[in-house]
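This briefing is meant to be read with the sequence and the 3D view side by side. Please locate each named residue in the view as you go.

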Amino acid sequence: MKVENITNFGKGFVESLPEIDKTNKQMAIPMLKVLFREIGFTGIFKFIWKTGLETKKMKARDWSDFAEKHGFPKEKINLFLESFATMKVMIDMTGEKKAMKIVSEMLENGNDHIARKSNKNVMLMPIEEFKSCNDSFISFKEFTKTAEKTLEQEGVHKFDIVEDTNDSYAFTVKYCLMHEVAKELGNTNYCFIFCHVDDIAFPKMGPELGFKYARSGSLGYGDSYCDFRFKRI
């Protein structure tokens, strides 16, 4: 298989939103199991109610100046505010440290469920299709590079390639729209739910596609950049 024929090749964040929404729904039950264990039945109802209210509040904000400043369509911002509301309510209910732990376990459970059902993960990457290419690492690298270029064109990321060889690929993101939205909402940790997906998905993909993933910083963890380093095993 050629890399350009792989599912979702060249798609950016906005174009992938419908499939992301579908994936989130598929992850709901395994994620709720973690939530039930951590905050109980009554806590779940409180969490869902507060998240709904917070989402409405965030959507009611006037995002016009922000959208103009960052070059991103105002109407598209509303499509992912529920994730920020989810993180905000979790932090309000449990504190930042525990909220990050709970969300991490929820994503882990959701990712495992998706992998069992469809041979993909929460980043919508079709692992079996990479493996059907002549070189799974090179196909993954080219897929990822094209995705980042699309994200940059959309105004979601600005990235710099640090290393690009047959055996390694590394890039750094110093601007991320999700991080900017979180700052606008008053707490950069609200974008943790987006950043941590990388640390859930890539380590699970690596052994199957022949690479090791590492990073030294993430905007969602309070660092000044996100870096992504992939090295062929």
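The structure is a predicted model.

**Helix packing**

Two packed helices are described by the angle between their axes and the distance between the axes.

- Helix α4 (residues 81–94) and helix α9 (residues 192–209) have axes that come within 9 Å and cross at roughly 95°. The two helices, α4 and α9, are therefore roughly perpendicular to each other, because angles of 65 to 115 degrees count as such.
- On the α4 side, this contact is made by Ser83, Phe84, Thr86 and Met87, and on the α9 side by Phe192, Ile193 and Phe194. Sorted by class, the contact of α4 with α9 has five nonpolar, two polar and no charged residues.
- Helix α9 also packs with helix α7 (residues 136–154), at an angle of about 140° and with the axes 9 Å apart.
- The contact of α7 with α9 has five nonpolar, one polar and no charged residues.

**Two methionine residues**

- Met58 lies in helix α1. Is Met58 buried or exposed? Met58 has a relative accessible area of 3%, so it counts as buried, the cut-off being under 20%.
- Apart from its neighbours within four places in sequence, Met58 is in contact with Trp63, Leu81, Phe84, Ala85, Lys88 and Leu185. Met58 and one of these residues, Phe84, are 26 residues apart in sequence, and their C-alpha atoms are 8.8 Å apart in space.
- Met93 is part of helix α4. Its relative accessible area is 27%, and Met93 is partly exposed.
- Leaving out residues up to four places away in sequence, Met93 touches Ile39, Gly43, Lys46 and Phe47.
- Met93 and Asn5 are 88 residues apart along the chain, and their C-alpha atoms are separated by 44 Å.

**Ring interactions**

- How many aromatic pairs does the structure hold? There are 21 aromatic pairs.
- One of them joins Phe211 and Phe230 in an edge-to-face arrangement, with 5.4 Å from centre to centre and 90° between the planes. Phe211 belongs to strand β3 (residues 211–214) and Phe230 to strand β4 (residues 226–232), so the pair ties together parts that are 19 residues apart in sequence. Both Phe211 and Phe230 are buried.
- Charged ends also sit over rings: that of Arg61 is over the ring of Trp63, 5.1 Å from the ring centre. The charged end of Arg215 is over the ring of Phe228, 4.7 Å from the ring centre.

**Backbone and burial**

Most residues other than glycine have a negative phi, and most peptide bonds are trans.

- Asn8 has a positive phi, near 75°, although this residue is not a glycine. Asn8 is found in the segment before α1 (13–60), and it is buried, with a relative accessible area of 10%.
- Helix α8 (residues 177–184) is mostly covered, as six of its eight residues are buried. The buried residues of α8 are Leu177, Met178, His179, Glu180, Val181 and Ala182.
- After α8 comes Gly186, which has a positive phi near 105°.

Conventions: Residues are numbered from 1 along each chain as its sequence is written. This is a predicted model: local features need pLDDT of at least 70, side-chain atom pairs count only at pLDDT 80 or more; totals for chains, interfaces and linings use all residues. Side-chain values use heavy atoms; hydrogens and water are left out. Rings of Phe, Tyr and Trp (its six-membered ring) pair if their centres lie within 6.5 Å; planes under 30 degrees apart count as stacked, over 60 as edge-to-face and the rest as tilted. Helices (H or I, at least four residues) and strands (E, at least two) are DSSP runs, numbered from the N terminus. Buried means under 20% relative accessible area, exposed over 50%, partly exposed in between (1.4 Å probe, protein chains only). A charge sits over a ring if NZ of Lys or CZ of Arg is within 6 Å of the ring centre and within 35 degrees of the ring normal. Contact means heavy atoms within 4.5 Å. Axes are lines fitted to C-alpha atoms, for helices over the stretch in contact, and angles run from 0 to 180 degrees between N-to-C directions. Angles under 35 degrees count as roughly parallel, over 145 as roughly antiparallel, 65 to 115 as roughly perpendicular and the rest as oblique. Ala, Val, Leu, Ile, Met, Phe, Trp, Tyr, Cys and Pro count as nonpolar, Asp, Glu, Lys and Arg as charged, and the others, Gly among them, as polar.
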